[in-house]
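Dear colleague,

My notes on what was found in it follow.

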Amino acid sequence: MESAIIEAMSGQLGPALVILGAALAVGFAGIGSAWGIGIANEAAAGVMTENPKNFISSLVLLALPGTQGIYGLLVGVIALYNTKLLIGMEPPAISIWTGLAVLFACLPIAITGFLSAIWQGRSSAACILLISKRPEEMAHAVILPAMCETYAIFGLLMSILMLLGIKVQ
Amino acid sequence: MAIEAMQKIRMALHKSISDEMMNAIQKLGCCQFIPRDNGRVAEKNVASLKARARHLDELLSDVRLASRFVEPYVAKKEGGMAKALGGLSPCSVAELAELASEREFLSSLKITRDLEKRLSDVKAGVSRVNGLISVMSPLSRLPYSLDFYTKGTASVQGAIFQIAANAAEKFMDALESSMGENAEAFMLPAGEKESARFVSVIYARNASDELQQALSAFQASRVEIPQNLTGLASDELSRLNGELSELGLQEESVNAEIAAIADKTWKLCQYCSDRWGIEKSKLDALIEGEQTEQIILTELWAPKSCLNAFNDAVKPYAGLSEIMLVEPDEGEKPPTLLRNPKWSKPIEAIVKMYGIPTYGGFDPTSVTTPFFYAFFGICFGDAGYGLLIACTIAIILKKTKASGPIANFLKIILIGNLCAFAFGAITFSWFGDSLTSFSFLKPLGWLKSIQLLDPMSDPMTMLVVSLAIGFFHVMLGLAIAMRNNFKSGDRLAAFGDQGGWIIFLCGLVMFGLSSGGILGLPAKLCGTVAVFGALVLVATQGRGKKSVVGKLFSGILSLYGITSYLGDVLSYSRLLALGLGSAAIAMVVNLLANLVSGVPYIGILLGVAVFAMGHVFGMVINILGAFIHSMRLQYVEFYGKFYDASGEGFLPLSYNTQYVKLTD
């Protein structure tokens with residue numbers, strides 16, 4: 001009886017864990033991006049009170065923390081694509097262990113995306129203030145926040161490598 | 001890939017020809033004047049030049065003020081982008097001098113200042129009347145004349161107090177109990193939601209002490225009524241509203257007058273700004289020279305390749321001038337002028353954004369060019385996006401007269417997108433997976449035959465390619481640093497600091513590859529190469545230390561630097577990550593477009609809209625990331641190895657105009 005229940009649960013829990021992993025990757029990386037952009041937005045609005053022409057240069061900088069959300073989306077899509085849980089695909093049987101593996105594989109980008117986007121937002125905010133005073137420093141100002149993104153890229157890479165290493169029957 | 005050789009020139013010219021000669025040099029546009037110590041120059045020798053410069057400064061300041069004033073009223077104002085793409089209107093120096101007449105500008109300035117004063121008076125009036133209206137509005141139902149509250153009578157005085165709504169009743173009670181028949185107080189009607197109440201108090205002048213006593217317990221403030229308001233508050237309010245309407249009409253009329261002259265004045269200001277800007281830069285260059293009563297002694301830098309043209313330009317003034325080619329002073333560094341071939345010229349802007357190469361150093365423009373475009377192509381990585389953007393930019397460049405930095409930027413994006421097209425083609429990414437997602441695009445499936453890589457299903461190969469490119473790029477950076485050290489004569493640094501690392505790292509990689517059976521070399525040999533490189537590092541990296549132990553310790557510790565090289569190479573994994581990011585967004589867009597296309601009746605339309613908007617979003621987001629990260633890989637991982645960007649840019653005296661393009 002118990003084994004029948006566990007077997008039935010396994011059939012449901014595997015896909016659920018995959019979906020949880022994809023949701024965490026997209027959700028956390030997305031929250032981080034929104035948070036980071038929000039921080040940068042505050043600085044952008046501040047410098048625009050002095051000179052509305054700062055809008056265009058600020059726009060480039062405040063878009064930077066948005067990339068982590070895209071990385072999260074990428075991992076989410078790969079997780080669903082690999083386990084054939086995307087619309088229009090025939091999903092195979094996914095075991096609990098496969099589901100857990102996919103869930104864990106989604107964590108690097110969920111965590112690094114979330115935190116690095118917030119710190120990148122803070123760097124962007126500081127750089128927005130910099131270019132409002134010294135517009136000629138735009139090139140350097142764009143590079144500084146990109147430094148934070150490196151670790152989200154490593155998280156993304158690890159998530160992708162883990163996901164593609166998981167064999168789904 | 002070259003920095004222009006500079007020649008220092010010393011020039012003595014008679015003041016009578018200084019203006020003409022400087023015009024010729026400015027027209028040539030290849031000489032940067034060197035500021036000299038003018039402390040010893042008698043003030044009378046430069047007085048006339050300085051007076052002219054001051055006059056021009058004043059004129060330019062007036063031009064800025066006038067153009068700032070009329071700018072909001074200009075009807076035919078070109079946007080910055082339109083101006084950059086449309087090119088500047090062509091004009092000769094003589095035509096510019098004619099267009100920018102000082103007399104015409106001064107008369108236009110007089111009109112502008114008059115209008116500015118009238119407008120500011122009207123606005124001050126509006127602000128004053130609005131202030132009075134805001135004071136009087138709550139008092140509109142006051143039954144007595146206002147002079148009763150401002151002047152009063154011989155024995156009675158009126159006053160109005162503002163108090164918080166929740167304390168108003170208590171205030172009334174306090175007034176009644178403390179002043180009795182000496183005062184008559186009533187509260188002006190107010191809306192229930194208003195937080196303040198206005199209380200009118202008419203009191204006997206001899207009871208003012210009792211009033212103060214009653215007031216002391218409350219935070220009531222006395223409303224100051226202007227002395228010139230004497231009638232009933234309601235009458236005064238209507239009069240003020242009438243005055244406000246009158247002022248509004250006046251403002252409209254002044255605005256119409258400004259709008260009528262705005263276009264002409266704006267254009268005139270642009271011509272004057274360019275003409276006097278040219279004149280001012282010429283005067284500044286002259287003032288920087290050493291002055292005697294008759295002679296100006298000055299020094300300048302000119303590229304050696306321009307010396308013939310320079311000699312031709314100054315030849316007509318040979319009788320009253322003397323030119324000497326001199327050596328730079330000790331420790332004096334000439335400015336840096338980059339001279340690159342056409343194919344790498346646009347990338348100069350990216351190099352300069354990092355910093356200007358020091359004179360005599362290495363200009364990394366040409367070596368940056370292929371890597372920047374390749375990185376951009378890999379990061380953007382979609383053939384459809386690349387082709388679409390490249391075609392759009394090619395049309396813009398063909399149809400418009402874009403020039404200068406904008407044209408360079410567009411060329412960078414154009415070539416970068418051509419690389420993205422090529423990379424997308426070999427990874428079979430055409431607007432993501434659209435060729436397999438949409439059945440009507442199946443006939444284009446033959447494009448799969450040119451696919452060489454599939455990063456989505458086989459990212460490991462692409463990761464290895466990215467890291468291999470990164471390793472090569474980092475090694476190239478070290479090789480350039482080694483070449484720089486050799487050139488400067490520091491052979492030990494070249495061999496130890498860069499050679500050691502190149503041997504060590506290449507040895508390690510070869511050892512790994514041959515151990516894994518990928519490279520057909522004996523692993524032992526490769527290992528020996530790596531050990532040799534490590535020994536070179538241990539032997540040379542502590543050479544700054546005095547003791548043998550210190551040298552050995554520093555040398556061994558330097559091997560820890562391998563972690564920074566590992567980090568640098570791993571950083572190139574972003575090429576794969578960003579490329580995959582573009583593909584994933586495109587894939588999601590295609591998926592959504594496919595989903596909505598199933599909606600009855602409007603499905604196709606919705607599908608097309610989602611496809612178009614989604615891919616435009618993808619293009620904008622990814623092009624930004626591709627540009628920034630391609631730039632970052634150059635700045636941080638590559639330039640960090642060798643680039644000395646402490647040079648000063650070459651800023652020649654030239655026709656530097658903002659609004660017209662001089663044809664001379």
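The domain assignment of chain B gives two entries: domain 1, made up of 15-127 + 239-335 + 650-664, and domain 2, covering 143-231. Taken over C-alpha atoms, the centres of domain 1 and domain 2 of chain B are 63 Å apart. Please bear in mind that this is a predicted model.

Turning to the contact between the chains, chain B contributes 24 residues and chain A contributes 22 residues. On the side of chain B that touches chain A, the elements giving two or more residues are helix H11 (348-354), helix H21 (574-596) and helix H22 (603-642) of chain B. Of these, H21(B) gives the most, with 11 residues. By class, this side of chain B has 17 nonpolar, 5 polar and 2 charged residues.

Finally, a note on one loop residue. Pro316(B) lies between helix H10 (307-314) and strand S11 (321-326) of chain B, in the loop that joins them. Pro316(B) is partly exposed, because 13 other C-beta atoms lie within 10 Å, and a residue counts as exposed at 12 or fewer and as buried at 20 or more. The C-alpha atom of Pro316(B) is 9.8 Å from that of Ala24(B), although the two are 292 residues apart along the chain.

With kind regards

Note on methods
Residues numbered from 1 in each chain as written. Chains lettered and ligands numbered in written order. Predicted model: local features only at pLDDT ≥ 70, side-chain atom pairs only at ≥ 80, totals over all residues. Helix = DSSP H or I, 4+ residues; strand = E, 2+ residues; numbered from the N terminus. Contact = placed C-beta atoms within 7 Å. Nonpolar A, V, L, I, M, F, W, Y, C, P; charged D, E, K, R; others polar. Domains from an automatic or database assignment.
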